[in-house]
Number of protein chains: 2
Amino acid sequence: MWGKKSFLVVTGASRGIGREIAIKFSSKLGAGSKVVLIARSTSGLHATRNLILAVTNKTANPVGVTVASVDLSNSAGIEFNDIMEEGCDLDSPETFDSAIMVHNAGTLGTVHKKRDLRRNKFHKGPEVKKTLVNITSLAALKPFPGWSMYCSARAAREALFRNLAAEERDVMVLNYSPGPVETEMMTQVLEQSLPEIKSAMKETTILTVDQTVSRLISILDKGIFSKSGARVDYFDDIV
Amino acid sequence: MWGKKSFLVVTGASRGIGREIAIKFSSKLGAGSKVVLIARSTSGLHATRNLILAVTNKTANPVGVTVASVDLSNSAGIEFNDIMEEGCDLDSPETFDSAIMVHNAGTLGTVHKKRDLRRNKFHKGPEVKKTLVNITSLAALKPFPGWSMYCSARAAREALFRNLAAEERDVMVLNYSPGPVETEMMTQVLEQSLPEIKSAMKETTILTVDQTVSRLISILDKGIFSKSGARVDYFDDIV
């Protein structure tokens, strides 16, 4: 899936796993690729953009990077479409060979509304390879005391992507569970969770964003998720 | 769990699986039990109430039945509390030996807000045996083209009950997946679903409400869901 002229969208790209995905994925795209970074923090988005440019400008394949500061929990669909239209000429989807969308945004506290590729014009054109990654969580499967809303939202979101895979056969969908990762969300977890969660987390090996995003890339590379809509966890045994 | 003086609440009790649960469960309660039936349809609720009285008045253990016509998708929590207070004297929870709540209400089309036992005064009193049944669906695990919202809502609701089980150790929670059942919802499924779902459903053995509720009761009887929060499907191999 790499090396193609691609249109890449990453939500929650201002920090943490989303930033690492944006940088690592961008460095593997082909010439003429465009990247759209979405998050709330403008400063965080610009920092991610600069990191992408620093990496890709050294290569033969510099990418164009657009940033959009938006709170997806409050944004209307129209706003999302505007961002997409700014990021690429949606009337000419044939100018890209691959579309990659990474739904990474999420908070411990709320459920974020999401839009997906099939709702905009970009969806047209079956010749475009489409990859959709949902950053999910163990919380979608396993209860964590105190996290009812987070667990429910994660379960719902994962189900939505399973369904999308069943409905849109030309989109390859991966639900990737990144493991416990050293991010600001983890800081929040350690500060705000119930005592039993805090102590469990303290005994867990916390991954770096580099570790988990490298794993994500190797999963995508190896096509391990042979079935669209599948769930793969960082800790799953993969050959 | 049966034969005790119980406080039983069933949502979606005006028809289908909910009605069958209300009748079958009521007939197994001890003397002095109270039953609260909740649904939108007043006529349906009264019919269920009459069916319960017809069954239990023949036994040594007639039950008191209160009905409440309410649309749970639009009701405020306060309304739900009012219903509970009408159904039993919440200031004297010790007058019941068992509390059983069956969250059955749901539609193909929307997500229903729910309240649960732990939010009201009835929760007090650890000596009361508390059983909470969530009627879930295969759709919580498996994608069905066209049912994105239903699948997501079911997954979220199941996750919520898993979490509840992890948080409230004195409540026994069962997520019961009733299989494909001959109800009005099934009629809607067969009328409104995408062609591939319709034809798959037509090849499936559709269960009666009696079959699936009898199975639910035998699961509860045998305590097969040894772990609170577990999911049991009608078709699971159970000894």
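Tyr234(B) counts as buried, with 15% relative accessibility; buried means under 20% relative accessible area, using a 1.4 Å probe and protein chains only. This is a predicted model, so local features need pLDDT of at least 70 and side-chain atom pairs count only at pLDDT 80 or more, while totals for chains, interfaces and linings use all residues. Residues are numbered from 1 along each chain as its sequence is written, chains are lettered from A and ligands numbered from 1 in the order in which they are written, and side-chain values use heavy atoms, with hydrogens and water left out.

Let's stay with that tyrosine for a moment. The charged end of Arg215(B) sits over the ring of Tyr234(B), 5.4 Å from the ring's centre. To count, CZ of Arg (or NZ of Lys) has to be within 6 Å of the ring centre and within 35 degrees of the ring normal. Hop over to chain A and you'll find Arg215(A) over the face of Tyr234(A), at 5.4 Å from the ring centre.

Now for rings meeting rings. Over all chains, a search of the whole structure turns up 10 aromatic pairs. Rings of Phe, Tyr and Trp (its six-membered ring) pair if their centres lie within 6.5 Å; planes under 30 degrees apart are called stacked, over 60 edge-to-face, and the rest tilted. One of the pairs is Phe7(B) with Phe96(B), which is tilted, with 5.5 Å between centres and 45° between the planes. Why is this pair worth a look? Phe7(B) lies in strand β1 (residues 6–11) of chain B and Phe96(B) in the loop between α3 (77–87) and β4 (98–103) of chain B, so the pair ties together parts that are 89 residues apart in sequence. Phe7(B) is buried at 1% relative accessibility, and Phe96(B) is buried too, at 5%. Tyr234(B) turns up again here: with Phe235(B) it makes an edge-to-face pair, 5.0 Å centre to centre and 80° between the planes. In chain A, ring pairs link Phe144(A), Trp147(A) and Tyr150(A) into a cluster.

Next, the sheet of chain B. Its 7 strands form an open sheet in the order β3-β2-β1-β4-β5-β6-β7, with parallel pairing. Strands here are DSSP runs of E with at least two residues, helices are runs of H or I with at least four, and both are numbered from the N terminus; two strands pair if DSSP finds at least two bridges between them. At the edges stand β3 (64–69) and β7 (231–233) of chain B, each with a single partner strand, so one side of each is left without a neighbour in the sheet.

Look at β6(B) next. Of its 7 residues, 6 are buried, so this strand is largely enclosed by the rest of the structure. It runs parallel to β5(B), joined by 6 bridges, and Leu132(B) stands opposite Val173(B) in β6(B). With β7(B), strand β6 (residues 171–177) of chain B pairs in the parallel sense over 3 bridges; there, Tyr176(B) has Val232(B) as its bridge partner.

Finally, back to chain A as a whole. Its secondary structure comes to 7 helices and 7 strands, running β-α-β-α-β-α-β-β-α-β-α-α-α-β from the N terminus on. Of the 239 residues in chain A, 53% are buried.

Note on methods:
Buried means under 20% relative accessible area, exposed over 50%, partly exposed in between (1.4 Å probe, protein chains only).
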